Structures are given as structure tokens and as C-alpha cells.
Amino acid sequence: NIAKSDSVYSSQNVYYSQDVLDSKNMLFCSTAVRSEYSACIQRSQGQVYSIRVDDSNNCSNSFEVNWSKNISNSLFIQDCYDLADCMFCSHIGGKQYCIANMQFEEAEYKKLRDIVVRWILAG
């Protein structure tokens, strides 16, 4: 199940992608390795359930991640490492429940995250 793609190896269900290795269920990717259920991945490896990830490794359930490593459940992250449940962060590491590099308690973070996600989706 590979269509409109080039240089796809040991992968399945790949569409409109190139240079994909050991991956499955990929869409619009370029140079993606050991990834699955992701779209718009470039020069990255180890992505799972992620969209728009560039030059990053080991991201899961995240959106718009650049130059980062070990990111999970996060949105709009740049040049970070070891983050979980964060939004709009850059140049930080080893954090959880941050918005724009500011630390929040879990309950407050989830409340603010829901407001931000609803605002983004309404736009």
C-alpha cells in the first residue's frame, strides 16, 4: 500500500512521501524513519501520532515540533528536549505542563490547554 511515493523501504501504507524507512501509515513525509501514524514529517525519526515535525526525534501525539527530542502530548515546540504536555515552548528541557516556557500545575495547565485548543479550532 504505497502510492505516489519514492524511496520507501520496509514500510506500509505510505502516500505521497519520499525517503521513508521502517514506517507505517505515513502521509506527506520526507526522510522519516521508524515512525507511524504521522503526517508531514521531515528529517525525523521515531514519530508516533504526530503532525508537522521537522528535524526532531522521538515525538508522540504532538503537533508542530521543530529541532526537538523526546516530546509528548505537546503543541508548537521549538528547540526543546524531554517535554510532556507543553505548548508554545522553546529552548527548554525536562519540563511538564508548561505554556510559553511558564510552569503550571497540572489542573491549571489542562484548563488553559482546553481553552487554547478550542480557540485554535474555532479559527
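Is glutamate 64 buried or exposed? Glutamate 64 is buried, because its relative accessible area is 16%, and buried means under 20%, exposed over 50% and partly exposed in between, with a 1.4 Å probe and protein chains only. The model is a predicted one, in which local features need pLDDT of at least 70, side-chain atom pairs count only at pLDDT 80 or more, and totals for chains, interfaces and linings use all residues. Residues are numbered from 1 along each chain as its sequence is written, and side-chain values use heavy atoms, with hydrogens and water left out.

Glutamate 64 has its place in strand β10, residues 63-66; strands (E, at least two residues) and helices (H or I, at least four) are DSSP runs, numbered from the N terminus. Glutamate 64 has a positive phi of about 55°, although it is not a glycine. Most residues other than glycine have a negative phi. Phenylalanine 28 also has a positive phi of about 55° and is not a glycine. Phenylalanine 28 sits in the loop between β5 (24-27) and β6 (30-33), and it counts as partly exposed because its relative accessible area is 43%.

The whole structure holds four salt bridges, a salt bridge being a side-chain nitrogen of Lys or Arg within 4 Å of a carboxyl oxygen of Asp or Glu. One of them joins glutamate 64 to arginine 52, with the closest N and O atoms 2.8 Å apart. This pair links distant parts of the chain, since arginine 52 is in strand β8 and glutamate 64 in strand β10, twelve residues apart. Arginine 52 is partly exposed, with a relative accessible area of 43%.

Another salt bridge is formed by aspartate 55 and arginine 43, whose closest N and O atoms are 2.7 Å apart. Here too distant parts of the chain are linked: aspartate 55 lies in the loop between β8 (51-54) and β9 (57-60), and arginine 43 in strand β7, twelve residues apart. Aspartate 55 is partly exposed at 30% relative accessibility, and arginine 43 is partly exposed at 46%. A further salt bridge brings together the side chains of glutamate 106 and lysine 110, at 2.9 Å from N to O. Both of these residues lie in helix α1, four residues apart, about one turn of the helix.

Strand β7 (residues 36-45) also contains serine 44. Serine 44 is buried, with a relative accessible area of 3%. Its side chain reaches the backbone nitrogen of aspartate 55 at 3.1 Å and the backbone nitrogen of serine 56 at 2.9 Å. Serine 44 and serine 56 are twelve residues apart along the chain, and their C-alpha atoms are separated by 5.0 Å. Not counting residues up to four places away in sequence, serine 44 touches Thr31, Ala32, Val33, Val53, Asp54, Asp55, Ser56 and Asn57, where contact means heavy atoms within 4.5 Å.

Serine 30 has its place in strand β6 and is buried at 18% relative accessibility. The side chain of serine 30 makes a polar contact of 3.3 Å with the side chain of glutamine 18. A polar contact is a pair of N or O atoms within 3.5 Å; within protein, one must be able to donate a hydrogen and the other to accept it, and residues adjacent in sequence count only if both atoms are side-chain atoms.

Valine 20 is found in strand β4, residues 18-21, and is buried at 1% relative accessibility. Beyond its neighbours within four places in sequence, valine 20 is in contact with residues including Val8, Tyr9, Val14, Met26 and Ala32.

The largest nonpolar core has 18 residues, of which Met26, Ile71, Ile77, Cys80, Leu83 and Cys89 touch the most other members. Its largest share, three residues, comes from strand β13 (residues 81-90). Another core, of seven residues, lies apart from it, with Met87, Tyr97, Ile99 and Phe104 among its members. A nonpolar core is a set of buried Ala, Val, Leu, Ile, Met, Phe, Trp, Tyr and Cys residues joined through side-chain atoms within 4.5 Å.

Isoleucine 120 counts as partly exposed because its relative accessibility is 35%.
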